[in-house]
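Subject: A structure for you to look at

Hi there,

Here is the structure I promised to send over.

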Amino acid sequence: MALTKNERRIRIKSRIRKVVSGTQTRPRLAVFRSNKEIYAQVVDDVTGKTLAAASSRDKDITKSKGNKTELATLVGKSVGEKAIKAGFSTIAFDRGGYLYHGRVKSLAEGAREAGLKF
């Protein structure tokens, strides 16, 4: 029997998480994408703490007009600026089982524009 889209994504996500984990020196940038919104957070997996987070539901991002891909770029810039302010310049990118295409790709490019290296 074929897998549903969500089951397939969860399998891919678990494969990615075997390899990618966040440390104190190089935290993980985790992405979650719903149908309407996109969320990103910088996580230290050793201590289990979220160091920085941004989403398309933030007030400054919600006010700006644009399609979902453009908002994802703004989310990437926002989380990148917050991570750099917290003292992190290199991160491990966790795409969360989503294809590196569209909104996930534009979020990553926005984070790179903000100064993050991954």
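Two strands are said to pair if DSSP finds at least two bridges between them. Helices (H or I, at least four residues) and strands (E, at least two) are DSSP runs, numbered from the N terminus. This is a predicted model, with local features needing pLDDT of at least 70, side-chain atom pairs counting only at pLDDT 80 or more, and totals for chains, interfaces and linings using all residues. Residues are numbered from 1 along each chain as its sequence is written, and side-chain values use heavy atoms, with hydrogens and water left out.

Let me begin with the sheet. Strand 1 (residues 28–33) runs parallel to strand 4, and three bridges join the two. The whole sheet is open and has four strands in the order 3-2-1-4, with mixed pairing. Strand 3 and strand 4 (92–94) are the edge strands, each pairing on one side only. From one strand to the next, the twist averages 20 degrees.

Helix 3 (residues 68–85) packs on this sheet and touches strand 1, strand 2 (38–44) and strand 3, where contact means heavy atoms within 4.5 Å. The direction of helix 3 makes about 145 degrees with that of strand 3; axes are lines fitted to C-alpha atoms, for helices over the stretch in contact, and angles run from 0 to 180 degrees between N-to-C directions.

Buried residues of helix 3 include L71, V75, V79 and A83. Buried means under 20% relative accessible area, exposed over 50%, and partly exposed in between (1.4 Å probe, protein chains only). Among the elements covering the buried residues of helix 3 are helix 2 (59–63) and helix 4. Just after helix 3, G87 takes a positive phi of about 100 degrees.

What does S55 touch? Leaving aside residues up to four places away in sequence, S55 touches I38, Y39, I61 and V75. S55 lies in strand 3 (residues 49–55) and is buried, at 8% relative accessible area. Its side chain reaches the backbone nitrogen of R57 at 3.1 Å.

Now for the aromatics. A search of the whole structure finds four aromatic pairs; rings of Phe, Tyr and Trp (its six-membered ring) pair if their centres lie within 6.5 Å, and planes under 30 degrees apart count as stacked, over 60 as edge-to-face and the rest as tilted. F32 and Y98 make an edge-to-face pair, 6.4 Å centre to centre with 65 degrees between the planes. The two are 66 residues apart, F32 being in strand 1 and Y98 in the loop between strand 4 and helix 4 (103–114). F32 is partly exposed at 40%, whereas Y98 is buried at 6%.

The pair of F93 and F118 is stacked, because the ring centres are 5.2 Å apart and the planes are at 15 degrees. This pair also links distant parts of the chain, with F93 in strand 4 and F118 in the segment after helix 4, 25 residues apart. F93 is buried at 16%, and F118 is partly exposed at 28%. Finally, F32, Y39 and Y98 form one aromatic cluster.

Best wishes

How values were computed
A polar contact is a pair of N or O atoms within 3.5 Å; within protein, one must be able to donate a hydrogen and the other to accept it, and residues adjacent in sequence count only if both atoms are side-chain atoms.
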